[in-house]
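Okay, everyone, thanks for coming.

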Amino acid sequence: MDWRDIIEENKRRHALIDAPFEPLSGLGSVGERFPLLRKGHRLMLPVAMKGIAGLDRMSDLLFERERIRHDFPYWAARYAYIKSKGGGDDRLFVINRPQRKLVEAFERDRTAGKPIRLILLKARQWGGSTCVQLYMAWLQLVHEMGLNSLIIAHQRMATDEIKDMFDRLLQAYPRALLAEPGEEVNPKEKVIEGVGGSGSVSRIPRRKCKVKVGSAERPDSCRGGDYNLVHCSEVGIWKATAGKSPEMIARAAGAGILLRPLTMIVYESTANGTGNFFHREYEAARRGSSQFKPLFISWFDIDQYSIPVADPERFARRLLEGKDSQGAPSDREQPGSYLWWLWESGATLEAIAWYMAERSKYSDHALMAAEYPSDDVEAFVHSGAGVFDRYKVEALRAECRAPRYIGEIHSPLVVAPGRIEDKAARIRALREVEFTSGAGAWKIWKAPSFPAGGRIDSRYVAVVDVGGRGEKSDWSVIVVFDREPLMRGERPEVVAQWRGHTDFDLLAWRAAMAASLYDDALLVIESNSIETRDPDRETDGDQSSFLLNRLREIYPNLYARRRPEEDIRRGAPAKYGFHTNMATKPLIIATLVKVIREALYIERDEACLDEYLSYERRGNGSFGAILGCHDDLLMTRAIGLHIIFHEMPVPVMTPASNAVASLSSCSVSHRGSHAVW
């Protein structure tokens, strides 16, 4: 690519942006359309109208009713009067480019007969809230009788504006369209009336529906009830009140809404840090683990964020020349590589020029990103500094996938392994370890494998991060890495994982069984959780050495810390487990930073990547997960990858005649499953 290619691509992008949008004729409007010649006018109508007989001959009134039922942009541009920004007479609502993107998302679900559940992450100043509210009004006024709506803003002033918007819309709305075909209409009848004395609830008599507005500042005004449509506005800046969190307010508002067509719940906001309710909900939607679908509107989707470029050739040359530059000239500029990334993301030259000019107002990129996010990764900024490069983390997501098997690792010789006191019985149990697919918390991406004619030494590593047993405690995590790819100059990978809450002795036994199944893997237990007195766990500093030494008696391949020469000379006993402290934590995090930056391992679990994205360097120089997030998966990777790359030799094949006998002769059972290892 040279500068001429950039100029041509920029023209193509402008042609798409500037393409005609005529909501009355339907040209360039939302969704798939088909042409219809009616009374000498060529219309582009929604394909949902294609099966309606006699559209070209239908009376004007009947055609209008059919058209407004299927074509929201047309209805809005014909009948939805809103306040003009900056003053002046009210104007009809002609949806802009980002609003069309939002309406397309709504219409995909509505026309498919699905309930609408959407979480909208947005840049500022394009009318997203207005568009959501008017779309809800369209469903109420046109589609079905008795659809009640609830709109919750972040503060009382915003609720007043919402109420004013509905009053304006209804006062200008044709009375005849509120009535059913053939019904007589009194031109003086009220189209909207108050209910009760609070002023927060209005009724539209002809449509037998209500509109209720409330604010997160007054949680009692936000209780749900017989509502079908809920819009929660600026959720990211909702503040917790006495006895009410943003999550409780939002959940209560939508609790009674059935999962059926013509129901709608929208959480909408600009981002306001990570770890809060809005961030968690958006991430869940992005992962596909929520009813909600995510939608992001970037600043360069908004036409006003663009300025003319005096010399496009010179600008394009500079953009191309700086595309590999990682350093910013000042703290009020972005590196050339970032500007090039904006170009590759779809921004025009004129939009990038605006961004460069606007960026000079801010001394930190995070401040700019909070107001004008370029994607949904950088939108969620927070007070701490992110430890890992977010785009390098996102690059790992391509290799994440659902586990091949889910089930339980166990030994058929043991019913209650935590109660066995006989060391010989425990050793025998570890020689007969099975995996049973079905119910269980183990995720298996790749089963253990044993090459014919030998054994691969130092192949598998199992790492344990110790949490608590209570549901509100930190998670305990066991992860297994396969180092065999290192023999070919390739990357180690995550092959198995367990996450849950349990007592330490049961966790240790579970980890030993997994390590035994994976060819007697090196078992690494993060030990400071059991070397520190913690009332949530039934272990403390007095028991830690005993517990780990006892585990060592039945599972010899247990990780021990490197001992100083003096300790070796004195014959001091080995200390088992990896201790994370002020000396070791910076080392393992530094290793993880490098591993992520250079993509030196294969991650399979997207939840781990989410932990990377919510991990910060704090003002006092320490590391940790931001409020409301976890780092249990992250710590297993940090410990495991540090040991893999810095403390273990490259795996080697040992011929069968020289191989040391394995502890385990593991079997695999798939009861009720057709999977075969």
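I'll go from the whole chain to its pocket and cavity, then to one helix, one loop and the cysteines.

First, keep in mind that this is a predicted model. The chain has 677 residues, and 51% of them are buried. It holds 22 helices and 24 strands.

The largest pocket holds about 1300 Å³. Its lining has 41 residues, and the ones closest to the centre are Lys85, Gly127, Ser129, Thr130 and Glu161. Which elements give two or more residues to that lining? They are H4, helix H5, which is residues 128-143, and H6. H6 gives the most, with 7 residues. As for the kinds of residue, the pocket lining splits into 13 nonpolar, 16 polar and 12 charged.

Then there are the cavities. Searching the whole structure turns up 3 of them at 30 Å³ or more. The largest cavity has about 50 Å³ of space. You'll meet H6 again here: helix H6 (156-172), strand E8 (201-204) and strand E9 (209-215) each supply at least two residues of the lining. H6 gives the most to this lining too, with 4 residues. If you want to find the place on your screen, look for lining residues including Ile162, Phe166, Val201 and Val213. By class, the lining of the largest cavity has 6 nonpolar, 2 polar and 2 charged residues.

Let's go back to H4, one of the pocket helices. Is H4 mostly covered or mostly open? Mostly covered: 11 of its 15 residues are buried. After the helix comes Gly113, with a positive phi near 75 degrees.

Another glycine to click on is Gly322. It sits in the loop between helix H10 (312-321) and helix H11 (336-345). Gly322 is buried, because its relative accessible area is 15%, and the cut-off for buried is under 20%. What does Gly322 touch, leaving aside neighbours within four places in sequence? It is in contact with Gly336 and Ser337. And although Gly322 and Pro335 are 13 residues apart along the chain, their C-alpha atoms are separated by 7.9 Å.

Last stop, the cysteines. A disulfide is a covalent bond between the sulfur atoms of two cysteines. How many disulfides does the structure hold? The count is 0. Take Cys608 as an example. The closest cysteine sulfur to its own is in Cys400, and it is 8.1 Å away, so that's too far for a bond. For a disulfide, the two sulfurs would have to be within 2.5 Å. Cys608 also counts as buried, at 0% relative accessibility. Cys232 is buried as well, with a relative accessible area of 0%.

Notes: Residues numbered from 1 in each chain as written. Predicted model: local features only at pLDDT ≥ 70, side-chain atom pairs only at ≥ 80, totals over all residues. Heavy atoms only, no water. Buried < 20%, exposed > 50% of the residue type's maximum accessible area, 1.4 Å probe, protein only. 1 Å grid on protein atoms, 1.4 Å probe; cavity = no way out; pocket = protein on both sides within 12 Å on 5 of 7 lines; lining within 4 Å. Points joined across faces, edges and corners; volume = space filled by probe spheres on them. Nonpolar A, V, L, I, M, F, W, Y, C, P; charged D, E, K, R; others polar. Contact = heavy atoms within 4.5 Å.
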